[in-house]
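Subject: Structure handover

Hi,

Here is the structure I promised to pass on to you.

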2 protein chains.
Amino acid sequence: MNQSNHFGDRLATAVSSKRSAVCVGLDPRWQSLPEAIRSGIDIANRAAVAKATECYCRCVLDAVADSAAIVKPQAAFFEQLGPEGMHCLEEVIQYSHTKGLDVLLDGKRGDIGSTAEGYADAYLGVQSAWGCDALTVNPYLGDDTLEPFVKTANERGAGIFVLVKTSNPGSGFMQDLVFEGKSLYHRVSQVVQKHSSDSRGQSGYGNVGAVVGATYPQQLAEMRAAMPNVWLLIHGYVAQGVTAEDVADGFDTKGLGAIVNSSPGIIFA
Amino acid sequence: MNQSNHFGDRLATAVSSKRSAVCVGLDPRWQSLPEAIRSGIDIANRAAVAKATECYCRCVLDAVADSAAIVKPQAAFFEQLGPEGMHCLEEVIQYSHTKGLDVLLDGKRGDIGSTAEGYADAYLGVQSAWGCDALTVNPYLGDDTLEPFVKTANERGAGIFVLVKTSNPGSGFMQDLVFEGKSLYHRVSQVVQKHSSDSRGQSGYGNVGAVVGATYPQQLAEMRAAMPNVWLLIHGYVAQGVTAEDVADGFDTKGLGAIVNSSPGIIFA
């Protein structure tokens with residue numbers, strides 16, 4: 001769709017030109033797929049299950065290609081299908097690219113040193129078999145462990161989305177704890193803002209985004225202000241009873257700066 | 001080697017019978033493999049790279065089968081090889097089992113709700129293509145997100161190892177922060193202890209372990225005491241200049257309760 005070699009700018013162009021901030025989740029849990037897709041397939045036949053999953057994802061991609069700003073396959077549901085599922089993921093990513101869609105893989109990877117380099121290279125590197133445009137990353141191991149991901153993303157004009165504040169009930173167990181007047185998620189958001197400011201493009205947005213939950217709308221305005229150069233991936237839309245009004249504070253005055261995940265609403269409607 | 005349907009007990013039997021607490025890491029970074037393995041293989045030929053990696057891992061498994069308490073493939077380095085690498089991982093896990101070795105996959109997975117179920121099912125479930133015996137898990141998303149992993153592990157007599165305190169320099173960014181007199185990693189360790197106490201077997205150890213870094217030896221005794229029913233996976237051995245004395249405090253009085261990761265020392269010696 002557009003060939004900017006900068007993820008933040010590419011996403012801005014997609015959102016502007018399509019007038020859509022929808023991030024379409026591809027969450028192909030086998031048991032949740034339409035009966036017509038699963039009919040007659042033995043779950044023990046991994047190749048057949050993976051092939052049917054691929055067909056399903058292609059149908060979804062055909063349906064949403066014009067309206068989605070970006071698509072987000074959930075790695076877990078492909079990994080669940082074994083090596084055949086990982087091959088299916090590769091096919092789905094390639095097909096997304098033929099549709100002009102950038103692919104954000106929701107893998108929530110995170111590790112130290114050379115292992116983080118391995119993950120970054122696996123999904124975002126020049127020689128990546130998967131060739132994702134962006135990857136979700138977990139910060140628990142420390143700020144130093146984000147650097148290999150940031151480096152690889154910047155080199156390839158790809159992006160990462162760091163988990164900052166998630167939408168599940170238990171997210172407060174760790175993320176909401178307050179040290180010296182600042183919550184842990186705020187502490188993470190500062191690191192994300194720094195990396196994205198350092199890599200910001202013409203749109204004003206950088207290559208390092210933040211995953212934030214829409215189940216806590218009061219925090220969206222706070223995070224928007226704290227991370228002015230950061231794309232927010234807002235989770236919890238529709239399925240968790242969140243409305244469009246609830247996510248409005250995630251956007252900047254131009255209607256940029258946020259993408260809103262929409263999986264169950266679109267896919268299992 | 002032994003067929004106990006309880007991960008904690010199975011690991012205790014392995015450590016006792018082999019008189020070894022060594023967890024052999026399988027970290028097949030392509031660039032680090034011996035020249036004899038890589039010679040003549042074009043890195044762009046994914047099938048050939050994956051096959052050579054599989055051969056290498058089989059050689060290592062042959063060499064360590066009698067002395068390793070358990071083996072730990074690093075998922076990142078298999079994922080880096082694309083879908084072919086994931087097939088290679090499956091072969092390596094199956095070969096480990098033929099050698100009587102339990103397999104702890106170092107994947108550091110973590111997600112919410114049904115996605116966590118997906119990961120648990122993918123690697124530990126009854127129908128898992130990979131059939132791992134244990135998986136490393138990241139707790140950043142919250143205590144509720146550990147539950148699907150714990151449930152699946154207990155149902156199948158498998159295990160999980162939750163990241164508690166890692167060995168990298170930046171681990172203090174989050175893990176060492178103190179709330180109400182307790183560090184964040186201590187807070188995580190309490191959840192791990194609860195789950196492992198609930199699932200403890202005849203050995204006294206449960207199915208939920210903890211990843212701890214040996215680079216902070218003073219913390220090992222503290223963690224051993226705080227998690228009496230928990231297997232500790234101690235990281236940072238050899239490569240980070242840690243000695244056997246440094247990890248002694250991780251063991252109980254019977255010499256159980258800890259396994260010590262040894263990757264570079266064994267594999268690239």
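**A buried tyrosine**

A:Tyr123 counts as buried, because it has 31 C-beta neighbours inside 10 Å. Buried here stands for 20 or more other C-beta atoms within 10 Å of a residue's own, exposed for 12 or fewer, and partly exposed for anything in between, with C-beta atoms placed from the backbone. Before going on, please note that this is a predicted model, in which local features need pLDDT of at least 70 and side-chain atom pairs count only at pLDDT 80 or more, while totals for chains, interfaces and linings use all residues. Residues are numbered from 1 along each chain as its sequence is written, and chains are lettered from A and ligands numbered from 1 in the order in which they are written.

A:Tyr123 sits in helix H6 (residues 113-124) of chain A; helices (H or I, at least four residues) and strands (E, at least two) are DSSP runs, numbered from the N terminus. Leaving aside residues up to four places away in sequence, A:Tyr123 touches A:Leu105, A:Gly107, A:Ser128, A:Trp130, A:Cys132 and A:Leu135. A contact requires the C-beta atoms of two residues, placed from the backbone, to lie within 7 Å. A:Glu90 is 33 residues from A:Tyr123 in sequence and 10 Å from it in space, C-alpha to C-alpha.

**Chain A and its sheet**

Chain A has 11 helices and 10 strands. Its radius of gyration is 18 Å, close to the 18 Å from the globule rule for 269 residues, so chain A is as compact as a globular protein of that length. That radius is taken over C-alpha atoms, and the rule is 2.2 Å times the number of residues to the power 0.38. Of the 269 residues of chain A, 61% count as buried.

Eight strands of chain A make an open sheet with parallel pairing, in the order E2-E1-E10-E9-E8-E5-E4-E3; strands pair if DSSP finds at least two bridges between them. Strand E2 (70-73) and strand E3 (104-109) of chain A are at the edges with a single partner strand each, so one side of each has no neighbour in the sheet. Within the sheet, E4 (residues 134-137) and E5 (residues 159-165) of chain A run parallel and are joined by four bridges. A:Leu135 has A:Ile160 in E5(A) as its bridge partner.

**Inside chain B**

Helix H7 (residues 147-156) of chain B has seven of its 10 residues buried, so it is largely enclosed by the rest of the structure. Those residues are B:Pro148, B:Phe149, B:Val150, B:Thr152, B:Ala153, B:Asn154 and B:Arg156. Just after H7(B), B:Gly157 takes a positive phi of about 65°.

**How the two chains meet**

A rotation of 180° with 0.0 Å of shift along its axis superposes chain B on chain A, with an RMSD of 0.0 Å. That is the relation of a two-fold axis. The superposition is by least squares on the C-alpha atoms of residues with pLDDT of at least 70 in both copies.

In total, 44 residues of chain B are in contact with 44 residues of chain A. On the side of chain B that touches chain A, H6(B) gives the most, with seven residues. Which surface do the copies use to meet? They meet through the same surface, because 100% of the interface residues of chain B are also interface residues in chain A.

Best wishes
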